[in-house]
Structure formats: structure tokens, C-alpha cells
Amino acid sequence: IALFNWAYAAAGGMGVMLSAPSAFVPGGAQEGKFLSVFLPMITATVGFWATLSLNISDFTRYAKSQKAQVAGQAIGLPFVMAAFSFMSIAITSCTVVIFGAGISDPIALLAT
């Protein structure tokens with residue numbers, strides 16, 4: 001959250017990031033390359049959720065009941081996934097405004 005707050009302030013808000021045109025439009029830097037970016041991202045998302053589904057017993061072993069387990073997963077997992085996804089995309093997008101290039105590695109970002 002602190003890294004998101006820093007990136008937001010250093011980039012001057014989200015306005016510049018949100019008003020930037022897509023690189024995949026005709027004439028853009030990534031024209032015609034949408035599927036080469038989209039399909040690996042789908043694979044990464046499936047991999048993330050597959051890891052959680054394989055290890056769900058580790059998360060739920062201390063649940064008081066099946067109902068508590070279901071409620072915790074239904075409320076916690078989608079919210080946390082959406083929040084972390086938004087923050088990581090927003091921080092990386094802000095680094096394009098701040099540094100002129102996208103830095104997706106938080107360790108590399110902290111080192112700059």
C-alpha cells in the first residue's frame with residue numbers, strides 16, 4: 001500500500017496513466033501483438049488460481065466450520081486478488097510516467 005501511495009503521488013495521480021492511449025491500437029507501438037500479450041497473462045492468472053486451489057487445505061484447516069470456510073474464501077480471495085492486481089498494474093503504470101519505462105519488479109523499483 002505504501003508503494004502504491006508513493007507511485008500515485010510521484011506520478012501526479014492516475015490522470016496521465018488513464019488518459020494514455022492503448023499501445024495495441026493501429027499505429028501503436030504494440031500494434032497487432034495483443035494476443036501475444038493477452039494469452040500469457042491468462043495463463044498466469046490460471047496458474048495463480050490453480051496454486052490456491054491446490055493449497056486450499058492449508059488455508060482452511062483451522063476454520064471452525066464448512067460455512068466459515070466458504071464465507072472466508074468467498075469474501076477474502078476475490079477481494080484480495082482484485083486489490084493486489086489493481087495495485088500492481090497501477091504501480092507499474094505509474095513507473096512509466098515517473099521513469100519512462102515500466103518497472104514491474106518491486107525490488108528493482110525500490111532500488112531506483
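Buried means under 20% relative accessible area and exposed means over 50%, with partly exposed in between (1.4 Å probe, protein chains only). Keep that scale at hand for this tour. You are looking at a predicted model, where local features need pLDDT of at least 70 and side-chain atom pairs count only at pLDDT 80 or more, while totals for chains, interfaces and linings use all residues. Residues are numbered from 1 along each chain as its sequence is written, and side-chain values use heavy atoms, with hydrogens and water left out.

**Stop 1: helix 3**

Select residues 34–54, which form helix 3. Helices here are DSSP runs (H or I, at least four residues; strands are E, at least two), numbered from the N terminus. Now pick Phe-48, which sits in this helix. Is Phe-48 buried or partly exposed? Its relative accessible area is 38%, so Phe-48 is partly exposed.

Next, colour Phe-34, Leu-35, Phe-38, Leu-39, Ile-42 and Val-46, which together make a nonpolar surface patch of about 560 Å². Patches are made of residues with over 30% relative accessible area and no salt bridge; like charges are joined within 9 Å, and nonpolar side chains (Val, Leu, Ile, Met, Phe, Trp, Tyr) within 5 Å. A salt bridge is a side-chain nitrogen of Lys or Arg within 4 Å of a carboxyl oxygen of Asp or Glu. The areas come from the Shrake-Rupley method with a 1.4 Å probe, and for residues only the protein chains shown count as cover.

**Stop 2: helix 4**

Move on to residues 56–60, helix 4, and select Thr-60. Thr-60 counts as buried because its relative accessibility is 15%. Its side chain reaches the backbone oxygen of Ile-56 at 3.0 Å. That is a polar contact: a pair of N or O atoms within 3.5 Å, where within protein one must be able to donate a hydrogen and the other to accept it, and residues adjacent in sequence count only if both atoms are side-chain atoms. Leaving aside neighbours within four places in sequence, Thr-60 is also in contact (heavy atoms within 4.5 Å) with Gln-69 and Gln-73.

**Stop 3: two threonines in helix 5**

Select residues 66–99 to show helix 5, and find Thr-95 there. Thr-95 is buried because its relative accessibility is 0%. Which backbone nitrogen does the side chain of Thr-95 reach? It is the one of Ile-103, at 2.9 Å. A polar atom of the Thr-95 side chain also lies 2.5 Å from the backbone oxygen of Thr-92. Beyond four places in sequence, the contacts of Thr-95 are Gly-100, Ala-101, Gly-102, Ile-103 and Leu-109.

Thr-92 is in helix 5 too. With 23% relative accessible area, Thr-92 is partly exposed. Its side chain reaches the backbone oxygen of Ser-88 at 2.9 Å. Ile-103 is eleven residues along the chain from Thr-92, with 5.6 Å between the C-alpha atoms. Apart from neighbours within four places in sequence, Thr-92 is in contact with Gly-102, Ile-103 and Ser-104.

**Stop 4**

Select residues 106–111, helix 6, and pick out Leu-109. Leu-109 has a relative accessible area of 4%, so it is buried. Not counting residues up to four places away in sequence, Leu-109 touches Leu-3, Trp-6, Ile-91, Thr-95, Phe-99 and Ile-103.

Finally, show the largest nonpolar core, eleven residues in all: Phe-4, Ala-7, Ala-11, Met-14, Met-17, Met-87, Ala-90, Ile-91, Cys-94, Ile-103 and Leu-109. Helix 5 gives the most to this core, with four residues. Such a core is a set of buried Ala, Val, Leu, Ile, Met, Phe, Trp, Tyr and Cys residues joined through side-chain atoms within 4.5 Å. End on Met-17, which touches Ala-90, Ser-93, Cys-94 and Val-97, again not counting residues up to four places away in sequence.
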